[in-house]
Amino acid sequence: MSDRPQHLDFLIADWPYEFGEVSARLVQGADGRKVVQLRVEMGVLQMEIAGRPDGSRPGGYATCSDWLHAKAQKEGETFELDERLCMEIDREFVQFFHRRVAWLALREFEQAVADADHTLALMDFSSLHAPDIDWAEMHEQYRPFVLFHRTQAAAMGKLESGNAEAAIAEIDAGAQKICSLLQEQEGAGDFDEEEDELISKLAEMKAAIGEHYEVQTSLTQRLAEAIAAEQYELAAQLRDQLSRNQRSSD
């Protein structure tokens, strides 16, 4: 048995948990690689920064999603998600959620967007091949929340690159997608955009950016208004400007 201590007392004592706060850090592993750690109430989660957060290789692939896509392509119409594969998908959803939260806390917005995109793609796959509608809906109910995280990360990434207008455009686009999803899930007659917490938080974020950076009405909003007013020449100019802004911020 190793002489090294098996407990985590020193680690937990040096990094206290603060209720209501998300605390994460990048540290160096024993072999020199970087790993991301997330402080949780009952200890510390340590995750790999690439591939599957737990470092495993399902079916020999970097992620469960990669494995299942390859498996589905190979098996064709005979492919189906059995109980074991459904469990692996559930595990991957949870792992990528924790790492996405850590990336957001670390302001590593590009990585947060990538992990959100991975989760959304896995949702698409699992819903397409779901063994039953209840299992699919169990995951689809979280799609607006994943989109919310992705929108936050994408907007903050644009803001850090110095493009406040592009940040607001990301918020507008994300809010629109979330609204459409919530309307589908809750029914157009039952959904109240002004009462939804996710939409409200994005609206607050947009207002704060607009006020702090003195950004005028976002290009996407101006484009929508131009189309509604049938000002097609102006709409074409705004589209070109949006494209230029996107290229300059990439």
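Guide: Of the contacts in the protein chain between residues at least 6 apart in sequence, 55% join residues at least 24 apart; a contact means heavy atoms within 4.5 Å. This is a predicted model, in which local features need pLDDT of at least 70 and side-chain atom pairs count only at pLDDT 80 or more, while totals for chains, interfaces and linings use all residues. Residues are numbered from 1 along each chain as its sequence is written, and side-chain values use heavy atoms, with hydrogens and water left out.

The confidence comes next. pLDDT is the predictor's confidence in each residue, from 0 to 100. The protein chain has a mean pLDDT of 88, and 89% of its residues reach 70 or more. Confidence is highest in helix α4 (residues 109–128), at a mean of 97, and lowest in helix α10 (residues 232–249), at 70.

The protein chain holds ten helices and three strands. Helices (H or I, at least four residues) and strands (E, at least two) are DSSP runs, numbered from the N terminus. Starting at that end, the order of elements is α-β-β-β-α-α-α-α-α-α-α-α-α. Of the 250 residues in the protein chain, 39% are buried. Buried means under 20% relative accessible area, exposed means over 50%, and partly exposed lies in between (1.4 Å probe, protein chains only).

At the start of α8, a side-chain oxygen of Asp196 comes within 3.1 Å of the backbone nitrogen of Leu198.

Leu198 is one of the buried residues of α8, together with Ile199, Leu202, Met205, Ile209 and Gly210. Seen down the axis of α8, the buried residues fall within an arc of 130 degrees, so they line one face of the helix. The arc is that of the directions from the helix axis to the C-beta atoms. What do these buried residues pack against? They pack against α6 (143–160) and α7 (164–186). On the other side of α8, Glu197, Glu204, Glu211 and His212 are exposed.

For comparison, here are some places elsewhere in the chain. Asp115 is in helix α4, and it is buried, with a relative accessible area of 7%. The side chains of Asp115 and Trp103 are joined by a polar contact of 3.2 Å. A polar contact is a pair of N or O atoms within 3.5 Å; within protein, one must be able to donate a hydrogen and the other to accept it, and residues adjacent in sequence count only if both atoms are side-chain atoms. Leaving aside residues up to four places away in sequence, Asp115 touches Phe96, Arg99, Arg100 and Trp103.

Arg107 sits in the loop between α3 (83–106) and α4. Arg107 is partly exposed, at 44% relative accessible area. Most residues other than glycine have a negative phi. The phi of Arg107, however, is positive, near 60 degrees.

Gln95 belongs to helix α3 and is buried, with a relative accessible area of 13%. Beyond residues up to four places away in sequence, Gln95 touches Met47, Arg52, Pro53 and Asp54.

Gln46 lies in strand β3 (residues 43–48) and is partly exposed, with a relative accessible area of 46%. The side chain of Gln46 makes a polar contact of 2.9 Å with the side chain of Gln37. Not counting residues up to four places away in sequence, Gln46 touches Arg33, Val35, Val36, Gln37 and Pro53.

The cysteines remain. A disulfide is a pair of cysteine sulfur atoms within 2.5 Å, and a search of the whole structure finds zero of them. For Cys64, the nearest cysteine sulfur is that of Cys86, 9.8 Å away. Cys64 counts as buried, at 0% relative accessibility, and Cys86 is buried as well, with a relative accessible area of 8%.
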